[in-house]
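This report covers aromatic rings and the charges placed over them. Please have the sequence and the model open while reading.

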Amino acid sequence: YMVGYDEAAAWSNPFSDVAEGAWYYEAVKLVSENGLMNGLGGGRFGPDNNLSRAELAQILYNKEGAPAASGSAFSDVTSDSWYASAVAWAAEKGIVSGYGDGRFGPNDLITREQLAIMLWRYAGSPAPSAQALDFPDAGSASGYALEALRWAVENGIISGYGSGQLAPQGLATRAQVAQMMKNFLER
């Protein structure tokens, strides 16, 4: 649990597109109350919008209290971008490593396996006890993501879809990421 996290505190829902009773309501409440995720402006959270790589770096950076960070490890992250400090911090901590060609791809939409990797590295890259990913589409996961995916599934952070698919290359919506962050914090 987060420091000072109080479940009983009344939350005044600022988002017109997050209905009480929605499957992601409690998750959005948690990430909003704790300053991990903000809305998109205009009173919207954008639960069905896809999340970018820079946005996930920003969420983890917010969780750490936005510590001082500067410099850019990536050619496509300018020092005046809204995510510059978050990406610099995440690179410094080894949470993000970019694409290997000097680019981070801040505005690229994040895949479920990239999300698992960043959360796994943020957690200190713990070894999962499971040796297999029991999903029919596990073969579509990148080799370098397997350990992170096994850890994320084992800890209930990421689960398969109703169809039994893990969809490691699939994109994650803001509502799904809010739920994954809730699962991560409460594991």
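Does F15 count as buried or exposed? In this predicted model, F15 counts as buried, because its relative accessibility is 9% and the cut-off for buried is under 20%.

**Aromatic pairs**

Searching the whole structure gives ten aromatic pairs. One of them joins W11 and F15, whose ring centres are 6.5 Å apart; the planes meet at 55°, so this pair is tilted. W11 has a relative accessible area of 16% and is therefore buried.

Another pair is F74 with F104. Here the ring centres lie 5.2 Å apart and the planes stand at 35°, so the pair is tilted. F74 sits in the loop between α2 (53-63) and α3 (84-92), while F104 sits in the loop between α3 and α4 (112-122); the pair therefore ties together parts that are 30 residues apart in sequence. F74 is buried, at a relative accessible area of 9%, and F104 is buried as well, at 0%.

| Pair | Distance between ring centres | Angle between planes |
|---|---|---|
| W11 and F15 | 6.5 Å | 55° |
| F74 and F104 | 5.2 Å | 35° |

**Cluster**

Which residues form one aromatic cluster? The members are Y61, W89, Y122, W151 and F184.

**Charges over rings**

F104, which pairs with F74, also has R53 over its face, at 4.6 Å from the ring centre. On F45, the residue lying over the face is R174, at 4.5 Å from the ring centre.

Methods
Residues are numbered from 1 along each chain as its sequence is written. This is a predicted model: local features need pLDDT of at least 70, side-chain atom pairs count only at pLDDT 80 or more; totals for chains, interfaces and linings use all residues. Side-chain values use heavy atoms; hydrogens and water are left out. Rings of Phe, Tyr and Trp (its six-membered ring) pair if their centres lie within 6.5 Å; planes under 30 degrees apart count as stacked, over 60 as edge-to-face and the rest as tilted. Buried means under 20% relative accessible area, exposed over 50%, partly exposed in between (1.4 Å probe, protein chains only). Helices (H or I, at least four residues) and strands (E, at least two) are DSSP runs, numbered from the N terminus. A charge sits over a ring if NZ of Lys or CZ of Arg is within 6 Å of the ring centre and within 35 degrees of the ring normal.
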